[in-house]
Amino acid sequence: MRSGAAPVPTVCRGFTADGPQEAWGLFSRNLWLDDMMGDLATLLDLIAPHVREPGHGGHVREECDTEPNPITFRDGTYGPLTF
């Protein structure tokens with residue numbers, strides 16, 4: 001697997017009575033071999049419960065495909081993701 005992962009600095013997402021409400025992000029572009037796609041599902045299983053806001057989480061695209069398959073996060077899980 002090749003990875004271009006880069007952590008994103010903590011971002012202020014607003015303020016609460018205790019001070020600033022912070023969040024973080026992770027942007028990564030990876031080449032996953034077909035036999036490693038199960039590792040991606042495991043990674044998404046680990047991340048999903050910690051995603052604070054529902055919405056777009058990225059996409060997966062086969063090397064020769066023109067259209068990506070989106071990944072969305074909601075209620076501690078993710079989907080749709082097809083291999």
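Q: Which residue in β6 does histidine 59 stand opposite?
A: When two strands pair, one looks for the residues that face each other across the pair. In this predicted model, histidine 59 stands opposite proline 70 in β6. Another such position is glycine 58, which has isoleucine 71 of β6 opposite it.

Q: In which sense do strand β5 and β6 pair, parallel or antiparallel, and over how many bridges?
A: One reads the sense of the pairing and then counts the bridges. Strand β5 covers residues 55-60, and its pairing with β6 is antiparallel, over five bridges.

Q: How many bridges join β6 to strand β7?
A: The count here is three, and these two strands also run antiparallel. Strand β7 comprises residues 77-79.

Q: Is histidine 56 buried or exposed?
A: To judge this, one compares the relative accessible area with a cut-off. Histidine 56 is found in strand β5. Its relative accessibility is 60%, and it counts as exposed because the cut-off for that class is over 50%.

Q: Which residues is histidine 56 in contact with, leaving aside its neighbours within four places in sequence?
A: Histidine 56 is in contact with Ile71 and Thr72 when those neighbours are left aside. Its side chain also reaches the backbone nitrogen of glycine 58, at 3.3 Å.

Q: Where is the place of proline 68, and which residues does it contact beyond its neighbours within four places in sequence?
A: Proline 68 has its place in the loop between β5 and β6. Beyond those neighbours, proline 68 is in contact with His59, Val60 and Arg61. With a relative accessible area of 38%, proline 68 is partly exposed. Proline 68 and glycine 58 are ten residues apart in sequence, and 9.3 Å apart in space from C-alpha to C-alpha.

Q: What is the phi of aspartate 75?
A: Phi of aspartate 75 is near 50°, a positive value in a residue other than glycine. Aspartate 75 belongs to the hairpin of β6 and β7, which has two residues between the strands. With a relative accessible area of 75%, aspartate 75 is exposed.

Q: Which residues make up the largest nonpolar core?
A: The largest nonpolar core has nine residues: Trp32, Met36, Met37, Leu40, Leu44, Ala48, Val60, Ile71 and Phe73. Both α1 (37-47) and β6 (69-74) supply at least two residues of this core. The element that gives the most is α1, with three residues.

Q: What is phenylalanine 73 in contact with, leaving aside its neighbours within four places in sequence?
A: Phenylalanine 73 is in contact with Leu44, Ile47, Ala48, Val51, Pro54, Gly55, Gly57 and Tyr78.

Q: Is phenylalanine 27 buried or exposed?
A: Phenylalanine 27 is exposed, with a relative accessible area of 58%. Phenylalanine 27 lies in strand β3, residues 19-27.

Q: How do the elements of the protein chain run from the N terminus on?
A: For the overall view, one lists the elements in sequence. They run β-β-β-β-α-β-β-β, and the secondary structure comes to one helix and seven strands. Of the 83 residues of the protein chain, 17% count as buried. The chain exposes about 6700 Å², of which carbon and sulfur atoms supply 54%.

Note on methods: Residues are numbered from 1 along each chain as its sequence is written. This is a predicted model: local features need pLDDT of at least 70, side-chain atom pairs count only at pLDDT 80 or more; totals for chains, interfaces and linings use all residues. Side-chain values use heavy atoms; hydrogens and water are left out. A nonpolar core is a set of buried Ala, Val, Leu, Ile, Met, Phe, Trp, Tyr and Cys residues joined through side-chain atoms within 4.5 Å. Buried means under 20% relative accessible area, exposed over 50%, partly exposed in between (1.4 Å probe, protein chains only). Contact means heavy atoms within 4.5 Å. Two strands pair if DSSP finds at least two bridges between them. Accessible areas come from the Shrake-Rupley method with a 1.4 Å probe; for residues, only the protein chains shown count as cover. A polar contact is a pair of N or O atoms within 3.5 Å; within protein, one must be able to donate a hydrogen and the other to accept it, and residues adjacent in sequence count only if both atoms are side-chain atoms.
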